[in-house]
Amino acid sequence: MEEIVKVPKQAEKGSGLTFWQRTYVPEIVRGLKLTAAHFFGNLAVHIFHLLGLWTEHRGAATVQYPEEMRGYSSRLRSLHRLTKRADGSPRCVACMMCETICPASCIYIVAAEHPDPNIEKYPESFDIDLGKCVFCGFCVEVCPEDAIRMDTHILDFAAYSREEMIWDIHRLLNNEPRRAEGIGQIRKMK
Amino acid sequence: MMEGLAVAAGKVAFSLFVLLNFVMLLTWAERKQSALMQDRIGANRASIFGFTWLGLFHPLADALKMVSKEDFVPAGANRGLHAVAPFVALFFALISFAAIPFGDQLWIGRHPVNLQVIDLNIGLLYVFAAMSMGVYGFVLAGWASNNNFSLLGGLRAASQMISYEITIGAAVIGLVMVFGTINLQTIVHRQGELLLGFLPAWGVFYQPLGFLLFVTAAMAETKRAPFDLPEGESEIIGYFLEYSGIKFGMFLMTDFVETVVVAGLVATLFFGGWQFPYLYRDGFHLPGGGILVLSQQVVCVIQVLTFLSKLAFFCWLSLLVRWTFPRFRYDQLIRLGWQMMLPLSILNVVVTGGVLLLLHR
Amino acid sequence: MPTLTIDGQPITVSKGTTVIQAAEALGIYIPRYCYHPGLSIAGSCRMCLVEIEKAPRLEVACYSQAADGMVVHTITENVRLARRSVLEFLLSNHPLDCPVCDQSGECDLQNYYMEFGLYQSRFLENKIKRRKAYPIGPHVMLDNERCILCSRCVRFCDEVSKSHELGIVNRGERSEIALYEGRELNNAYSGNVIDICPVGALTERDFRFQCRVWYLNRTASICPGCARGCNIEIHYNVLRPYQSKGKRILRIKPRFNPAVNKWWICDEGRYGFRHIDASNRLRECEAQTADGVIPLGMETALKTAAAWIGESIEQHGKDSVGFFLSPELSNEDLYAILKLARHLGISKIDFRNPGEHPGFEDNFLIRGDKNPNRRGCVELGLYHRQRENGGWMAEEIKQGTLRMLVAFLQDLSLEPEFKAALVSLKRLIFVGSNSNATSEQAGLVLPSATYAEKNGSFTNFQGRAQRFERALVPLGDSLPENELIARIAAHFRMPEQPFEREQLLLDLRAEFPFFDQSTLDPPDVELAYQTTIAQREHA
Amino acid sequence: MSLETLSDQLLAEISEILAKHPQRRPALLPILHACQRRNGYISPEIERAVAELLGIPVIDVREIITFYTLLLPKPVGKHHLQFCTNLSCHLQGAEESVAAACRRLGIEEGETTADRRFTVTTVECLGACDMAPAMQVNDDYYANMTSDRVNELLDKLS
């Protein structure tokens, strides 16, 4: 059974337009009607909001960041954090896998000897240059210790200088994840 | 003599006050209106002591920003013309508003004051002349910037002006033939009459085609979307590419001033200017026969408010059009001007002339 | 002379050759842990199992002798299965702590597991815990958990260093490498056990956590530690300076050369690279003035040096200038100096003679003569045995006939007669890489590059001239000696061309036929054993 | 660390063993057995003396001693109780008898009592699966050991 599908070959100039459409005027009026309807509709909603009525209906699709934020997907790659062991020390063993895989070369680790021979190695310093980071998430994928994650949902980490964009181990360890309830749900921030 | 000067200064001040405030509000309205049309909220961040007032402080913030920004002149630019160009553009846009009447005569004591900055019997020609002078500012800006893209923008502005100026003139000829004058105040007076006993004798009823042609061409004259080819700030970039700070702001203002002027012109020519239906110098005369007597001053205030309301409405319409339709392609723009609108406007003149000839016989 | 077929390729080998060696000769690499060409055969790891036709089961390639008509298949389904199983057993008690293991990247457990391994572990039982990461000698760290008991290190200590420190104690799954109480692995060649350990059980204390091995660059070089001239590889890290705290060279590995050092190198040579990044490196030219020592630009310094030499020759004759050379200079450096001396007519050239005080020597690799290029000096005709230790120079300085000295590398004040003489010397130019007592006394100091920072060759005591390649950019302003000489020579209207490296070598060989006969081969003919494995793995 | 550690009788025995062996290294095991017989265990001093005597590295001697469980590097009590805990004995409840012995003597497995009379160790197969659970006290075998029989045995020995 062959299904016949009409494939439009090419938009032809003026094809299939009626006379009135070709004069443009009624179509222009239709367009204006549509936008004007949105205008007055939203105007009414906003006036109701000013009067404290019908507030559960949002008058605009806009999210008023940073007063409001959407919940992000749990798979979103956001600011890095280093996870901790039960005693608060970093889980990282300075194996350099993330530094090696990093396509932006933005991770700088210096390893040192740990007093506990069962841990052996720990990161003396662990810096991420967020100005260089491309947020590919390879470091998270490659980590054998689950020591680095990108699940903080923090996206606002801008700084005024390049130096401030380099996050050291203390900042990375103390990044508390910030989570919203549901994906796409808007909530007020306080 | 002194009284006359004071009165003239008052009228100029009032007219500028109205015009510039409209401009300021338009920058706000453009954002807010487009936001509402697109289910957004629009600018609402500028605040003074925590009050945002629906974003009404944004024009202030813009002005501050523009004044304080670096005034950059590119290397190799003609510094003098580069500086003069925005003034030329803005000046002619501002003075073209002078001939538009915003009310009937107001009696202060025994002195009648014509509510119009300059009462010219060639008012319409004056407005057209002043508006078309503005294009020199744009062409100068494009040329003086020493930038090929600016120059192209300036040239687009010039050719667009030429294409639509003729249609504007030709579209109004029909109206002039109907009213028999080009004095704007007289045209407004003539529109105070009634057609068929109940319909205000507004130009739009005499000249519906002329109205359409005029509105379209006038929008092209203001260089706003869908006719914003000389500017096209985000993609094709225009004559003010090399402008920054308050000079750039002046070009922006010119746009809005022209919007207001065109709105005033449309109101004056086709919608009875300051005329409120059934309102005469002594009060309302309803078609059924009811009479409401009002003092001359009250009537005057109503007239001025009527004019301002019409002005506001046509500004709103202009914004609505600007945020509804996409930009023309350049060949479409020129073809529309020369092949559609000009022949139509000439046809309009011929038909009007024929009808008038028939009626007068 | 048995002829056998390995993977379809016939080969004839001498009697007594093992299958693994025959395969190697064909360029077929058979995985192995316990087999090492420099050690006796243990046959304990069972990794080199191959299929031999008509044999009832798989055989170990390292122990099976080649026989006539033998047909060997090194890679069949059975072999793969066997290797996978061997690896599964070897890893049953391995801690899998690759993230913290310095061996990862050059570990044969990793490499072979990637090729043959059973990726999904079936091991549910608890692993045996052993002692981890403890030093067993000045250079070596032992981790018993990672050990696969291939016994290479034990055999090395028994057969090569003959010091018998290591043994395998206990039985079965409790077996582990151990030292006798109170002993430590401190023989003069202890570092080699790190190289031959196929896993991360023996790691280098000095290199520990300095850098991951895949960040290292490698350059073939020659050890300057003694007259043996062991072939080495310099492993350095310049792209990630923050990791090794500014140190550029991180370790030295031996490079296989059957005629000189085989697979081995002594610990002194292995750790003899500290002066290259030491704090006393001379980084810029210095001049002694009335206001103390001031830094000079290279151009000014060379101009001054040339002016001093020129003035001295002009005012006091050619014999008022002397060159005091060092047998640590390369053949090229020496020849460049010789050319300049001839041009200027300077004949007073001598060396310090440490041959008088020979250092520690053994009958394996370490030579008593701690200079890498004495033989080169002799062959160039610069070294005159009758003039003992340059003492005559000290004498002439005292008498005032020798007014100016250009000293290379050596600390003259170590010699008692020079120490006294230097005071009366009018002008002293010191050319060297590290500061010492002489450089502090010198009126002008020109910084020179170390062997890792230049190209050149050393002639070892056997008479082999061996080339070394530049690994690093010279530190600071320093330059190789032959370049310094060439630029001084330019001030005496000598053209630059004869000092260019290739021309210098051509001239050298033309003038001294000795160097034509000796082996001035490019150094990368053969690579160290470990590197060979790594390269084959990745080929 | 010298030959003086070895008693004269021991030395005589060693030279007898050496006479039987043309090479020295193979004589190591019989010599160590002789030392253990005379001394009860092989102390580090003896270890070193034997190495010196045979001219082999001391670590080689250590390898041998740690490899063979019958060679004891530490002193044991007068009665060395060796419980088999290999498969057959384990299935028959060898662990219980070990526990009983330890409880009775107040020591852990592998330890010696304070009065140096008893040592409890677990060993691998004694080759007496037919009489599992089996145990060996010094050179004698005991069959079918339950906790009661262990107690009986200990009563008898003490």
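Author: Start with a term: buried area is the accessible area (1.4 Å probe) that two parts lose on being put together, summed over both. This is a predicted model, where local features need pLDDT of at least 70, side-chain atom pairs count only at pLDDT 80 or more, and totals for chains, interfaces and linings use all residues. Residues are numbered from 1 along each chain as its sequence is written, chains are lettered from A and ligands numbered from 1 in the order in which they are written, and side-chain values use heavy atoms, with hydrogens and water left out.

Reader: OK. How much area is buried between chain A and chain B?

Author: About 1,600 Å². Carbon and sulfur atoms give 68% of that.

Reader: How many residues does each chain put into the contact?

Author: Chain A gives 20 residues and chain B gives 16 residues. Contact here means heavy atoms within 4.5 Å.

Reader: Which salt bridge crosses there?

Author: Glu67(A) with Arg45(B), whose closest N and O atoms are 2.8 Å apart.

Reader: Switching topic. Which chains have the most contacts?

Author: Chains A and C, among the 3 pairs of chains that touch. Chain B and chain C have no contact, and their closest C-alpha atoms lie 41 Å apart. Chain A and chain D do not touch either; there the nearest C-alpha atoms are 26 Å apart.

Reader: Which salt bridge does Glu120(A) form?

Author: One with Lys132(C), at 3.8 Å between the closest N and O atoms. Glu120(A) is in the loop between β3 and β4 of chain A, and Lys132(C) is in the loop between α3 (108-116) and β6 (134-135) of chain C, so the pair joins two chains. Helices (H or I, at least four residues) and strands (E, at least two) are DSSP runs, numbered from the N terminus.

Reader: What order do the strands of the open sheet in chain A take?

Author: β3-β4-β6, with antiparallel pairing. β3 (107-113) and β6 (166-167) are at the edges with a single partner strand each, so one side of each has no neighbour in the sheet. Two strands pair if DSSP finds at least two bridges between them.

How values were computed: Salt bridge = Lys/Arg side-chain N within 4 Å of Asp/Glu carboxyl O.
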